[in-house]
Protein chains: 2
Amino acid sequence: MTEQLKNDERALEVIEQAKEAVISAIAETMDLYGVTHSAGRLYGTMYIEGEMTLDQMKDRLGMTKPSMSTAVKKLQSNAMVQRTWKKGSRREYFTAERDFFKSFIAFYCEKWKREVEMNLVAIDKAAKGLESVMNNDQVSRGIRDYAGNLHEQIIDSKKYYKWLSRLIDLIESGEIFQFLPIEDDAR
Amino acid sequence: MTEQLKNDERALEVIEQAKEAVISAIAETMDLYGVTHSAGRLYGTMYIEGEMTLDQMKDRLGMTKPSMSTAVKKLQSNAMVQRTWKKGSRREYFTAERDFFKSFIAFYCEKWKREVEMNLVAIDKAAKGLESVMNNDQVSRGIRDYAGNLHEQIIDSKKYYKWLSRLIDLIESGEIFQFLPIEDDAR
DNA sequence: AATATTGTTAAAAATAAATTTAACGAACTT
DNA sequence: AAGTTCGTTAAATTTATTTTTAACAATATT
């Protein structure tokens with residue numbers, strides 16, 4: 001083996017370790033937010049390796065094709081992975097969203113929207129029931145007061161959901177980057 | 001049974017349903033962010049019922065004390081629940097953070113900080129390895145270029161982590177409420 | 001038309017996570 | 001000091017989730 005080949009081999013090993021460090025950090029990070037570890041690893045791998053097919057994924061991660069298929073679907077549903085078209089090929093290629101700002105926006109806004117929606121519906125439903133108790137003078141004072149206190153508490157929490165809703169708008173519209181610009185000095 | 005008692009009973013039933021709606025919505029919401037369903041239910045219950053002991057929790061949720069103990073610890077670690085002191089009592093009382101803004105800040109900033117920290121460490125480590133390859137002229141051109149591209153990609157991603165870091169500051173300092181005030185018109 | 005290739009679905013197996021039972025330990029009470 | 005109360009820890013159990021194996025459907029290739 002020539003000197004050159006040995007150097008190249010060592011270099012490739014170093015590169016693999018570098019990739020591994022980044023992929024692991026991404027996977028662990030995503031773990032924090034309820035993404036399964038292997039979906040996180042897959043995202044990290046695609047982020048580093050670029051466009052991949054299901055077969056490439058299964059070889060790279062040492063898993064089966066069905067699990068790649070489901071993991072990729074999950075990531076697609078979070079808008080963290082997109083399917084890409086390759087003319088002439090029947091194969092499906094997938095690309096990780098490389099712009100973390102877009103991933104951030106898609107991931108959080110999606111969840112926050114569901115949070116706002118679900119809770120406002122529940123609050124309105126609960127508030128109606130509580131109001132019917134509060135306004136029924138056939139009911140004991142103590143119980144009506146109790147309903148009144150609960151009512152006040154849950155109505156008050158709407159402030160938060162409305163604020164969250166405006167935060168979503170601020171982020172989705174990109175307006176947030178006026179207050180908090182992306183800086184370019186990443187040394 | 002008197003008419004009054006029947007009305008009260010019905011009213012209490014309506015109140016229970018109202019609570020249940022709110023608690024379920026909170027639990028499902030927290031599920032989205034990787035909090036287990038029962039920890040979510042516990043938080044929701046404490047949010048609605050106020051201060052509780054472990055024994056009250058286990059009775060209310062129909063679970064055992066050890067699971068309440070661990071769930072409450074998890075919630076405490078997210079700053080979503082605080083221990084409260086009761087003079088004269090040896091018992092431990094716990095209160096859910098009722099200010100959702102505070103919960104929001106504690107929950108996300110905590111995770112985002114870990115995300116920034118972990119990834120910046122990994123990136124710096126990876127970048128060092130890649131630089132050693134890029135600067136080694138004993139290594140083939142193609143491999144050095146490959147390392148260079150990876151290097152550029154991961155260094156570029158630091159922009160995002162730095163931005164996220166500034167977002168954390170903005171939120172933790174409360175400055176964000178200047179741009180995005182809490183509105184009080186929650187009708 | 002028969003055979004590959006590619007991706008998905010469904011049931012089974014393996015793995016991981018949550019929950020309980022049981023036992024312990026600390027702090028108070030008598 | 002002996003007995004209680006309250007909370008935690010550790011092992012065992014249960015439950016839920018992930019992963020695989022196996023079968024299938026769709027599309028292309030021969």
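1. Symmetry of the two chains. In this predicted model, chain A superposes on chain B by a rotation of 180° with 0.0 Å of shift along its axis. The RMSD of that superposition is 0.1 Å. The two copies are thus related as by a two-fold rotation axis. Which C-alpha of chain A is nearest the axis? That of Gly34(A), at 2.1 Å.

2. How the chains meet. The contact takes 59 residues from chain A and 60 residues from chain B. On the chain A side, the elements that give two or more residues are α1 (3-32), α5 (100-134) and α6 (141-172). By class, this side of chain A has 33 nonpolar, 13 polar and 13 charged residues. Now compare the two sides. 100% of the interface residues of chain A are also interface residues in chain B, so the copies meet through the same surface.

3. Helix α1 of chain B. This helix covers residues 3-32, which is 30 residues. At 1.5 Å a residue it should span 44 Å, and its end C-alpha atoms are 44 Å apart, so the two values agree. Its buried residues include Ala11(B), Val14(B), Ala18(B), Val22(B), Ile26(B) and Met30(B). Lys19(B) and Thr29(B) are also buried. What do the buried residues of α1(B) pack against? They pack against α5 and α6 of chain A, together with α2 (37-49) of chain B. Just after α1(B) comes Gly34(B), with a positive phi of about 85°.

4. Helix α6 of chain A. α6(A) has 32 residues. From first C-alpha to last it reaches 47 Å, close to the 46 Å expected at 1.5 Å a residue. Among its buried residues are Ala147(A), Leu150(A), Ile154(A), Tyr160(A), Trp163(A) and Leu167(A). His151(A), Ser157(A) and Lys158(A) are buried too. The cover over the buried residues of α6(A) includes α5 of chain A, along with α1 and α5 of chain B. After α6(A) comes Gly174(A), whose phi is positive, near 85°.

5. Domains of chain A. The domain assignment gives domain 1 (3-98) and domain 2 (101-179). How far apart do their C-alpha centres lie? The distance is 38 Å. Four residues of domain 1 are in contact with five residues of domain 2. On the domain 1 side, the residues divide into two nonpolar, one polar and one charged.

6. DNA strand D. α4(B) gives the most, with three residues. The surface divides into four nonpolar, six polar and six charged residues.

7. DNA strand C. The elements giving two or more residues are α3 (54-61) and α4 of chain A, together with α4 of chain B. The largest share, three residues, comes from α4(A). By class, the surface near DNA strand C has four nonpolar, six polar and six charged residues.

Technical notes
Residues are numbered from 1 along each chain as its sequence is written. Chains are lettered from A and ligands numbered from 1 in the order in which they are written. This is a predicted model: local features need pLDDT of at least 70, side-chain atom pairs count only at pLDDT 80 or more; totals for chains, interfaces and linings use all residues. Helices (H or I, at least four residues) and strands (E, at least two) are DSSP runs, numbered from the N terminus. Ala, Val, Leu, Ile, Met, Phe, Trp, Tyr, Cys and Pro count as nonpolar, Asp, Glu, Lys and Arg as charged, and the others, Gly among them, as polar. Copies are superposed by least squares on the C-alpha atoms of residues with pLDDT of at least 70 in both. Two residues are in contact if their C-beta atoms, placed from the backbone, lie within 7 Å. The expected span of a helix is 1.5 Å times one less than its number of residues. A residue is buried if 20 or more other C-beta atoms lie within 10 Å of its own, exposed if 12 or fewer, and partly exposed in between; C-beta atoms are placed from the backbone. Domain bounds come from an automatic or database domain assignment.
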